[in-house]
Amino acid sequence: GGIYVGYGFTDAAQPGGLSVPSVLSLFARMFVQRNLLSWTCGKQAVFYNVAERRDQRPVDFAEDVRRLAAMVEGGQLDVVIGRVWPLDGAKEALQSIARGEHRGKQVIRVA
């Protein structure tokens, strides 16, 4: 059992974001992952656009956020930290993210 949560696909919506082949590759991987879960584990995967869900179904979106927060607080959901940056490295961190060089969540330490 378990829940896999993937997030952070904002670059494709930005001017100069991901290329069409990159987006098609991403959707192909999502399709394969969803079907592998179904075929091998009997699990169901659901993908949705966070911004659209927030705007079109705000009550459902708020419930999703509450559930995820409870899972993080309860230790049921691990957040993978790729790198912790100092505050004066924020520009470099954002540039690294924009270039797709990061793995995991990038944290900027402010204190």
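# A guided tour of the predicted chain

Among contacts in the chain between residues at least 6 apart in sequence, 30% join residues at least 24 apart. The model on display is predicted, and the tour begins with the chain as a whole.

**Whole chain.** Select every residue and colour by secondary structure. The chain has 4 helices and 2 strands. Read from the N terminus, these elements follow the order α-α-α-β-α-β. Next, display the surface. Of the 111 residues in the chain, 13% are buried.

**Confidence.** Now colour by pLDDT. The mean for the chain is 75, and 66% of the residues reach 70 or more. Select residues 10–14, where the pLDDT is below 50; in the model, this stretch has 6 contacts beyond near neighbours in sequence.

**Salt bridges.** How many salt bridges does a search of the whole structure find? The search finds 4 of them. Side chains of opposite charge can pair when their charged atoms come close.

- Select Arg54 and Asp55. These two residues form a salt bridge, with 3.2 Å between the closest N and O atoms. Arg54 has a relative accessible area of 41% and is therefore partly exposed, whereas Asp55, at 54%, is exposed.
- Select Arg57 and Asp60. Here the closest N and O atoms of the salt bridge are 2.5 Å apart. Arg57 counts as partly exposed, with a relative accessibility of 45%. Asp60 is partly exposed as well, at 26%.
- Select Glu63 and Arg66. Their side chains meet in a salt bridge with an N to O distance of 3.3 Å. Both residues belong to helix α3 (residues 58–73), where they lie 3 residues apart, about one turn of the helix. Glu63 is partly exposed, its relative accessible area being 36%.

**Asp64 in helix α3.** Remain in helix α3 and select Asp64, which is found there. Is Asp64 buried or exposed? Asp64 is buried, because its relative accessible area of 17% falls under the 20% limit.

**Arg83 and Trp85.** Move on to Arg83 and show its side chain together with that of Trp85. What sits over the ring of Trp85? The charged end of Arg83 does, at 3.6 Å from the centre of the ring. While the rings are in view, a search for aromatic pairs may be considered. A pair of aromatic rings is described by the distance of the centres and the angle of the planes. The structure holds 0 aromatic pairs.

**Arg103.** Where is Arg103 placed? Arg103 is in the loop between α4 (90–98) and β2 (105–109). With a relative accessibility of 65%, over the 50% limit, Arg103 therefore counts as exposed.

**Last view.** To finish, display Asp64 and Arg103 together. Asp64 is buried at 17% relative accessible area, whereas Arg103 is exposed at 65%.

Methods
Residues are numbered from 1 along each chain as its sequence is written. This is a predicted model: local features need pLDDT of at least 70, side-chain atom pairs count only at pLDDT 80 or more; totals for chains, interfaces and linings use all residues. Side-chain values use heavy atoms; hydrogens and water are left out. Rings of Phe, Tyr and Trp (its six-membered ring) pair if their centres lie within 6.5 Å; planes under 30 degrees apart count as stacked, over 60 as edge-to-face and the rest as tilted. A charge sits over a ring if NZ of Lys or CZ of Arg is within 6 Å of the ring centre and within 35 degrees of the ring normal. pLDDT is the predictor's confidence in each residue, from 0 to 100. Contact means heavy atoms within 4.5 Å. Buried means under 20% relative accessible area, exposed over 50%, partly exposed in between (1.4 Å probe, protein chains only).
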